[in-house]
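Try each task yourself before you read the solution.

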Amino acid sequence: MTSAEPTGESDEGEGRTRRSALSDIAEQTILRTGDEPSPGGGTASGTESHHESRGLAEANENTRLTAHRRRFGARLGEFRRSRVLVPYGENGAALTVELQGARWLLAFTDEAALGRFASARGEADRTWRYRMVWGAAVLDAGIPAVAAASGAEDGSGAGMPCGVLVDAGDGERGLVLPPVVGIVPDACALNGPAMGPDADSGTGEERR
């Protein structure tokens, strides 16, 4: 049975089906202003019926994406307003994993979700220490701290993009908060000014 050990701290300073690349995740979660052209938009040619069919398909796709982003925005807001569990290692640093050229901080909505993650890893018998942190603090302060630590490790200063995996052991019931502008601070975002397009690919290694 998983043993979870809270610290009693309130540290304010501090998935979904897997996709093939971060750019796919970013495209599905980016919060558009409504001024940009829709994905796949272009100039149609051919008969009037072709125009109508293509227009209907684009309208359906835009509706689907709009609904998806609305749902995602609601879940993002709920995460920011909630207290979550952030497990940490023996050195006191938050546990992260490296995937798809980014570092991901792990967060869980409750002990049961953390327990499912531990069981999935075959580590349900060990003690998991965690801090209870506001979701907003995870994104606004925890992410920059993790990115800065990775920058210090590789000597780059900026570090790699960093996002959050919420309830990572719950598959589609979990939540991916990718490192894109509008979700994490710009300096830590994949499409932010501090991140170049040639970020090193991740190793999948857990960092403690």
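**Exercise 1. Find which residues have the most contacts inside the largest nonpolar core, and which elements supply that core.**

Start with the term: a nonpolar core is a set of buried Ala, Val, Leu, Ile, Met, Phe, Trp, Tyr and Cys residues joined through side-chain atoms within 4.5 Å. "Buried" is under 20% relative accessible area, "exposed" is over 50%, and "partly exposed" is in between (1.4 Å probe, protein chains only). The largest such core here has 25 residues, and those with the most contacts inside it are Phe79, Val86, Val138, Val164 and Leu177.

Next, the elements. Helices (H or I, at least four residues) and strands (E, at least two) are DSSP runs, numbered from the N terminus. At least two core residues each come from helix 2 (48-81), strand 2, strand 4 (102-107), helix 4 (135-154), strand 6 and strand 7. Helix 4 gives the largest share, 6 residues.

There's also a second, separate core of 15 residues, including Leu85 and Phe108.

A word on the source: this is a predicted model, where local features need pLDDT of at least 70, side-chain atom pairs count only at pLDDT 80 or more, and totals for chains, interfaces and linings use all residues. Residues are numbered from 1 along each chain as its sequence is written, and side-chain values use heavy atoms, with hydrogens and water left out.

**Exercise 2. Work out what Val86 touches, then follow one of its partners.**

Contact means heavy atoms within 4.5 Å. Leave aside neighbours within four places in sequence, and the contacts of Val86 include Ala94, Leu105, Tyr130 and Val138.

Now follow Ala94. You'll find Ala94 in the loop between strand 2 (83-87) and strand 3 (96-99). With 16% relative accessibility, Ala94 counts as buried. Ala94 and Tyr130 are 36 residues apart along the chain, yet 8.4 Å separates their C-alpha atoms.

**Exercise 3. Decide how many disulfides there are.**

The test is a pair of cysteine sulfur atoms within 2.5 Å. By that rule, the count is 0. Take Cys162: the nearest cysteine sulfur belongs to Cys188, 6.8 Å away, and Cys162 is in no disulfide.

**Exercise 4. Describe the backbone and setting of Asp167.**

Begin with phi: it is positive, about 55 degrees, although Asp167 is not a glycine. Then place Asp167 in the loop between strand 6 (162-166) and strand 7 (175-177). Lastly, check accessibility: Asp167 is buried, at 7%.
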